[in-house]
Amino acid sequence: MGTTFRITFYAADRPTAKKAADAAFVRIAELDGIMSDYKKESELMRLCRAFASEVAAPVKVSDDLFFVLQKAEALSIKSDGAFDVTVGPVVQLWRLARRTQELPDPKEFARARERVGYKMVKLDPQKKTVQLLTPGMQLDLGGIAKGYAADEALKLLRDTFGIKRALVAASGDILCGEPPPGTDGWKVEIAPIAKSQKPRTLTLANAAVSTSGDLEQFVEIKGVRYSHVLDPKTGLGLTGRRSVTVIAPDGITADSMTKAASVLPRERALELIEGTPGAAAYIVILDNDEKPVTTSSKRFPKE
């Protein structure tokens, strides 16, 4: 999925630890083979190829892929399109832009945007089928699949090996199980986006946390800094420095919610978070003087 997964846990003995770790990484690799858009033969890419040149018959997909696409659709509706996994065509252009440091070709960009829109994905819950209603659509699960993979890895550790004191980290997406022995929780640090900011440390147990921003992934073109997080409605990388951290009961919710909350205006983002059971958010926006302006939702832990 274009990132590194790391798992930390407490087990009764070394052989159990080895067996559990191997099984968890096998499960993550299985999901990578289903949902990665970096692998040409992933289930996701094969699905998209079925609709490359025409609106073909619906395609039956695996339970894992259908579950994630259903979750994505629900958040797309709830966020009025601020989260949208059909952004693949413009994501591909921005990946190239980051390498060349040149804006996408206007004609190519316009054609790509015509193939973006969550309402053009038709899901059938009874048959577990997917149909893309515009030829050439490209789904990108980069904003949701890592959280789901973390959920599944922790579930496997708990259900198969009885390992509850565990943490699964996939870059900015972290899922915490029961706390380490003798502690209240796992220590997770939110990196500052301004020099004047200090890192903020969270203590979490049985919760997920995800942070999105342009601290590491961005491109600067003609004096404008574009984030790797795209606004699905414009197809453009976000401008203006912002970091969004979301805590939620599970990884798939935290991962996807950070993307939606990054795109939405601050007040609308907080409404979305407050309306999601168990979710909380911490938003940092740099003003014109590079000073951080912070906002927390009601449920976010106090400093």
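**Close-up views of a predicted model**

View 1. The model is predicted. H3 gives the largest share, with four residues. The cavity holds about 90 Å³ of space. Its lining consists of Leu69, Ala72, Glu73, Ser76, Val85, Tyr118, Val121, Leu123 and Leu139. By class, seven of these residues are nonpolar, one is polar and one is charged. Across the structure there are three cavities of 30 Å³ or more.

**View 2. Strands E2, E4 and E3 form an open sheet.** The strand order is E2-E4-E3, and the pairing is antiparallel. Strand E2 (59–60) and E3 each have a single partner strand, so one side of each lacks a neighbour in the sheet. Both stand at the edges.

**View 3. E3 pairs with strand E4 (residues 129–132).** Four bridges join the two strands, which run antiparallel. Asp124 has Thr129 in E4 as its bridge partner.

**View 4. Met35 sits in the largest nonpolar core.** This core has 67 residues. Met35, Leu65, Val130 and Leu141 touch the most other members. Leaving out residues up to four places away in sequence, Met35 touches Leu44, Asp64, Leu65, Val68, Leu141, Ala145 and Tyr148.

**View 5. A second core of 19 residues is separate**. Its members include Ile190, Leu202, Ile247 and Ala280. In soluble globular proteins, nonpolar side chains tend to be buried together.

Methods
Residues are numbered from 1 along each chain as its sequence is written. This is a predicted model: local features need pLDDT of at least 70, side-chain atom pairs count only at pLDDT 80 or more; totals for chains, interfaces and linings use all residues. Side-chain values use heavy atoms; hydrogens and water are left out. On a 1 Å grid over the protein atoms alone, a cavity is a set of points where a 1.4 Å probe fits but cannot get out, and a pocket is an open set with protein on both sides within 12 Å along at least five of seven lines; lining residues have an atom within 4 Å of a point. Grid points are joined across faces, edges and corners, and a volume is the space filled by probe spheres set on the points. Ala, Val, Leu, Ile, Met, Phe, Trp, Tyr, Cys and Pro count as nonpolar, Asp, Glu, Lys and Arg as charged, and the others, Gly among them, as polar. A nonpolar core is a set of buried Ala, Val, Leu, Ile, Met, Phe, Trp, Tyr and Cys residues joined through side-chain atoms within 4.5 Å. Buried means under 20% relative accessible area, exposed over 50%, partly exposed in between (1.4 Å probe, protein chains only). Contact means heavy atoms within 4.5 Å. Two strands pair if DSSP finds at least two bridges between them.
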